[in-house]
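Here is a short tour of one structure, taken a region at a time. Keep the sequence and the 3D view open as you read.

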Amino acid sequence: MHAVRALLARGEAPRVLWVQEGDAQQRLSELIDQARRGGARVEQHPRDELDRLARDASHQGIVAFAAPLAFESEASLWFKLEAWPHATPPLLLVLDGVTDVHNFGACLRSADAAGVHGVIVPKDKSAPLNAMVRKVACGAAENVPVYQVTNLARALARLKEFGIWITGTAGEAEAMLFEAEFTGPTALVMGAEGKGMRRLTREACDGLVKLPMAGSVTSLNVSVATGICLFEAVRQRRGT
């Protein structure tokens, strides 16, 4: 439902909208009317057909047939940084080796909530921008630009040329997250679960930080850790 709402808010009405038969018509009437005004064909289908289409994901009674999302190009990232349009310094999220679509979608959702200006992923070893990512992201995948770069280590080196400080996260880091400085131009790098950042990515970072872990677990899910780190940046930038 949130992904469909975000799609319509962008003015991109789907070609076809499937709505579950029954009370979903009334519950989703606002979205249905908005889609119809945009030229979408609305069809009613039984729940089992929507279940099969959504591969048993929780579709909330509505499925949109829409054009796939595309990654932003690496060139567009450099163009944006050269002509930085915002009053606040850039806050970028870099995901190195996050291949699970649920984690990817959850990271995009946190990035959108934290006001991240862009997410950077490598061309290899990264989750696709597919339907499941869009659903988990609850509309964030449509709002946050995701830049795909050919060589991540080289891209991080280029970010430094724009004055952006690269902070990576690693369990063996000596500094704690709350000791880091995020008020200036920042790129926060999160590695894959288990493996963490790749060696060249780690070597490209200006500094490494870790979360204080007081319990028996040694690490957090990457999407949870991403949310914590990003909102520490939000806290610092708001001066609280």
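This is a predicted model: local features need pLDDT of at least 70, side-chain atom pairs count only at pLDDT 80 or more; totals for chains, interfaces and linings use all residues.

Trp 78 belongs to helix 5 (residues 74–82), while Phe 162 is in the loop between helix 9 (152–161) and strand 7 (165–169), so the pair links parts of the chain that are 84 residues apart in sequence.

The two partners differ in how they meet the surface. Trp 78 has a relative accessible area of 8% and is buried, because the limit for that class is under 20%. Phe 162, at 26% relative accessibility, is partly exposed.

Which residues of helix 5 are buried? They are Leu 77, Trp 78 and Leu 81. Looking down the axis of helix 5, you will find its buried residues within an arc of 95°, so they line one face of the helix.

The buried residues of helix 5 pack against strand 5 (118–122), strand 6 (146–149) and helix 9. On the face turned away from the buried side, helix 5 carries the exposed residues Ala 75, Phe 79 and Glu 82.

## The annotated binding site

Now to the record. An unreviewed UniProt entry lists Gly 191, Leu 211 and Leu 220 under "binding site". These residues are spread over 30 residues of sequence yet cluster in space, with a largest C-alpha distance of 13.6 Å. The lining of the second largest pocket includes Gly 191, Leu 211 and Leu 220.

Leu 211 is in the loop between strand 10 (207–210) and helix 11 (222–237), and Leu 220 is found in the loop between strand 10 and helix 11 too. Leu 211 is buried at 17% relative accessibility, whereas Leu 220 is partly exposed at 35%. Leaving aside neighbours within four places in sequence, Leu 211 is in contact with Met 176, Leu 177, Leu 220, Ala 225, Ile 228 and Cys 229. With such neighbours again left aside, the contacts of Leu 220 are Leu 211, Met 213, Ala 225 and Ile 228.

Thr 183 lies in the loop between strand 8 (175–176) and strand 9 (186–191) and is partly exposed, with a relative accessible area of 38%. Thr 183 and Ala 233 are 50 residues apart in sequence, but their C-alpha atoms are 6.9 Å apart in space. Neighbours within four places in sequence aside, Thr 183 is in contact with Pro 89, Gln 236 and Arg 237.

## Two positive phi angles

Most residues other than glycine have a negative phi. Two residues are worth a look with that in mind. Gln 60 has a positive phi, near 60°; Gln 60 is in the loop between helix 4 (47–53) and strand 3 (62–65) and is partly exposed, at 32% relative accessible area.

Lys 125 also has a positive phi, near 55°. Lys 125 lies in the loop between strand 5 and helix 7 (131–137), where Lys 125 is exposed with a relative accessible area of 54%.

Definitions and conventions:
Residues are numbered from 1 along each chain as its sequence is written. Side-chain values use heavy atoms; hydrogens and water are left out. Helices (H or I, at least four residues) and strands (E, at least two) are DSSP runs, numbered from the N terminus. Buried means under 20% relative accessible area, exposed over 50%, partly exposed in between (1.4 Å probe, protein chains only). The arc is that of the directions from the helix axis to the C-beta atoms. Contact means heavy atoms within 4.5 Å. UniProt positions are given in the numbering used here, feature names are shortened, and annotations may be inferred rather than shown by experiment. On a 1 Å grid over the protein atoms alone, a cavity is a set of points where a 1.4 Å probe fits but cannot get out, and a pocket is an open set with protein on both sides within 12 Å along at least five of seven lines; lining residues have an atom within 4 Å of a point.
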